[in-house]
Amino acid sequence: MNWRIFAPLIALVVFCLLWEALVWVNDWPNYKMASPSDLGPAFWKFRWLFLEYGWDTLWRTVAGLLLSVFVGLLLGMIMGLNRTMRDALYPLLVGFNAIPKATVVPIIALLFVGAHDMNTILIAFLISFFPIAVSVSIGLSTLEPEYRDILASLGASRFTIFWKIALPKTLPEFFGSLKVAVTLAFIGTNLMEIVEPHGRGLGHLFDSGKISADYPLMFAVLIALAALGILLYYVVVVLERTFAGWAERSPT
Amino acid sequence: MDALIDIRDVKLTYETKGGRLPVLDGVDMRVPEGGFVAVVGPSGCGKSTLTRLIAGLLEPNAGEVWLHGERVTGPKSSVGMAFQNPVLLEWRSVLRNVTLPLELVAPRMPKREKDERARQLLALVGLEGFEDKRPSELSGGMRQRASLCRSLVHKPEVLILDEPFGALDAFTREDLWQTMQKVKSEEPFTGVMITHDLRESIFLADEVIVMSGRPAVTQYTMEIPWKGERDLDRLYTPEAIEMLGELRHQIQIAQGRSPREAGV
Ligand SMILES: Nc1ncnc2c1ncn2[C@@H]1O[C@H](COP(=O)(O)OP(=O)(O)OP(=O)(O)O)[C@@H](O)[C@H]1O
Ligand SMILES: [Mg+2]
């Protein structure tokens, strides 16, 4: 038996048992706290909505994340390779990142009323590009000059040095930040889905559950979100192993 | 006239935020084809700066650098460089690290030939069988050997070594001196090596140049009367001890201290 799969499964079962026991011991009614045994029926009742809305949430998050990766890499490259641009852009970015995104959600929602997909993707992007931009820029700007010199002394162009050395060397930092970004983008997507009226996605399903006081549904959505979050995170982990696995040292 | 590396009265000043920092103030150096010159001098006097000038990574404010009868105005693929930090790329195998310069200098060379050339060099420095290892699996001395192979793989005319063995322990360093001699006899190149180790300088070089403190000039030049390969016992002969004494004396002058003050 493979413990790397078995151990987290046991942890999950123990967690559900404790949760069930907690609700049972306190004799909480459904409208206070749903128990794991209520979730099955909730999932079954809304199974088609879960599939449809789960897909909405998933693809919007991924789209926002892809946008983040693109813009984050671009900004990171600009700031990492050019000192003046770094000095100019950094305070702006920090300021932008300091704004609680919950305040941006209604602004965006009002800006493009009804454009659900775009609004959601936009928030997912806005909330998640910052760590990518920062880590890529730090990775690039802290490249030791000798790394540059091995190729520069052969007359290599800046692009070649970037492509063959700077970029691969920054990949571990990039994937580190992507793990943070994927969680943030997911939060962004759901914030927008919850706030927007007549929307779609798991966030919207959660909001419907709230309106109709269907507590088991709300908890079922939370569990679905957690599952999606885990899925996304481990996709990034697999990508990291594939493209930056060299940075992981085998324990000796 | 027939020097392969010809440096004439080179001056260089860095413009920094804190102001101007004159580093080189008239350095002269001539290395004939196949020659090997060691450069020693006080810390921070501009030795690494000098290597960057030879490699064409920096342009002097005054004076000229010539390689093989051509004025240096930018980097050239006929130069190979290795540093104290081996800077191997962790995401590539040892073999792919060594073939890296060929990807730039000879992009059309068949992969098989690139690999063959790299393997031949790795074998020469004693890294046979380590081709497919990751750099992180090598010891410090082995990394430096791989780095040396990378600097030689494209058969550069000029090899520039900036304290290549500076971070190694004394025994590993002596091993690498011997490897270096072997490489020199198999792979023709003209070399400049920066070092802090006077014994290393006389063991490997035909000529040792002492640079003065910053702003640096060529203060002193010593011909090493030994020809061809040497063995370590040479370093313990009275002749060697005399040469080392003179070099140490010159370094003390370069550091701006009189020999008596320095306790010699
Ligand atoms: N790019 C740079 N910009 C500004 N100043 C520099 C730069 N590179 C080096 N210097 C300064 O120039 C001086 C000479 O540096 P250099 O690295 O050439 O010395 P070095 O002789 O190689 O020193 P070491 O023996 O410690 O290796 C130092 O004071 C250093 O701080
Ligand atoms: Mg130096």
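## Exercises on a predicted two-chain model

Helices α3(A) and α9(A) are oblique to each other.

### Exercise 1. A helix pair in chain A

Task: Work out why α3(A) and α9(A) are classed as oblique, and state which residues meet where they pack.

Solution. 
- Step 1. Locate the helices: α3 covers residues 47–81 of chain A and α9 covers residues 202–211 of chain A.
- Step 2. Take the geometry. The two helices pack at an angle of about 130°, and their axes are 7 Å apart.
- Step 3. Apply the cut-offs. Angles over 145 degrees count as roughly antiparallel and 65 to 115 as roughly perpendicular, with the rest, apart from those under 35, being oblique. The pair α3(A) and α9(A) is therefore oblique.
- Step 4. List the contact. From α3(A) come Leu49(A), Tyr53(A), Gly54(A) and Thr57(A), which meet Leu202(A), Gly203(A), His204(A) and Leu205(A) of α9(A).
- Step 5. Sort by class: this contact has 4 nonpolar, 4 polar and no charged residues.

### Exercise 2. The mixed sheet of chain B

Task: Give the strand order of the open sheet of 6 strands in chain B, and explain why β6 and β10 of chain B each have one side without a neighbour in the sheet.

Solution. 
- Step 1. The order is β6-β7-β8-β3-β9-β10 in chain B, and the pairing is mixed.
- Step 2. β6 (79–83) and β10 (218–223) of chain B are at the edges with a single partner strand each, so one side of each has no neighbour in the sheet.
- Step 3. From one strand to the next, the twist averages 15°.
- Step 4. Look at one strand pair. β7 (residues 158–162) and β8 (residues 190–194) of chain B run parallel and are joined by 5 bridges. Within this pair, Ile160(B) stands opposite Val192(B) of β8(B).

### Exercise 3. The antiparallel sheet of chain B

Task: Trace the open sheet of 4 strands in chain B and describe how β1(B) pairs with β2(B) and with β4(B).

Solution. 
- Step 1. The strand order is β2-β1-β4-β5 in chain B, with antiparallel pairing.
- Step 2. β2 and β5 (70–71) of chain B are the edge strands, each pairing on one side only.
- Step 3. β1(B) pairs with β2(B) over 11 bridges in the antiparallel sense. The two strands form a hairpin with 2 residues between them, and Ile5(B) stands opposite Val31(B) in β2(B).
- Step 4. β1(B) is also joined by 5 bridges to β4 (residues 62–67) of chain B, again running antiparallel. Here Asp6(B) has Trp66(B) in β4(B) as its bridge partner.

### Exercise 4. The shell around ligand 1

Task: Which elements of chain B give two or more residues to the shell around ligand 1, and which gives the largest share?

Solution. 
- Step 1. Ligand 1 is surrounded by residues of chain B, among them Tyr14(B), Thr16(B), Leu21(B) and Val23(B), as well as Gly46(B), Lys47(B), Ser48(B) and Thr49(B).
- Step 2. The elements giving two or more residues are β1 (3–16), β2 (19–32) and α1 (47–54) of chain B.
- Step 3. α1(B) provides the largest share, with 3 residues.
- Step 4. By class, the shell has 4 nonpolar, 6 polar and 1 charged residues.

### Exercise 5. Backbone exceptions

Task: Where is Pro215(B) found, and where does Ala213(A) lie?

Solution. 
- Step 1. Most residues other than glycine have a negative phi, and most peptide bonds are trans.
- Step 2. The peptide bond from Arg214(B) to Pro215(B) is cis, with omega near -10°. Pro215(B) is found in the loop between β9 (207–211) and β10 of chain B.
- Step 3. Ala213(A) has a positive phi, near 50°, and lies in the loop between α9 and α10 (215–244) of chain A.

Notes: Residues are numbered from 1 along each chain as its sequence is written. Chains are lettered from A and ligands numbered from 1 in the order in which they are written. This is a predicted model: local features need pLDDT of at least 70, side-chain atom pairs count only at pLDDT 80 or more; totals for chains, interfaces and linings use all residues. Two strands pair if DSSP finds at least two bridges between them. Axes are lines fitted to C-alpha atoms, for helices over the stretch in contact, and angles run from 0 to 180 degrees between N-to-C directions. A residue is near a molecule or strand if its C-beta atom, placed from the backbone, lies within 6 Å of it. Ala, Val, Leu, Ile, Met, Phe, Trp, Tyr, Cys and Pro count as nonpolar, Asp, Glu, Lys and Arg as charged, and the others, Gly among them, as polar. Two residues are in contact if their C-beta atoms, placed from the backbone, lie within 7 Å.
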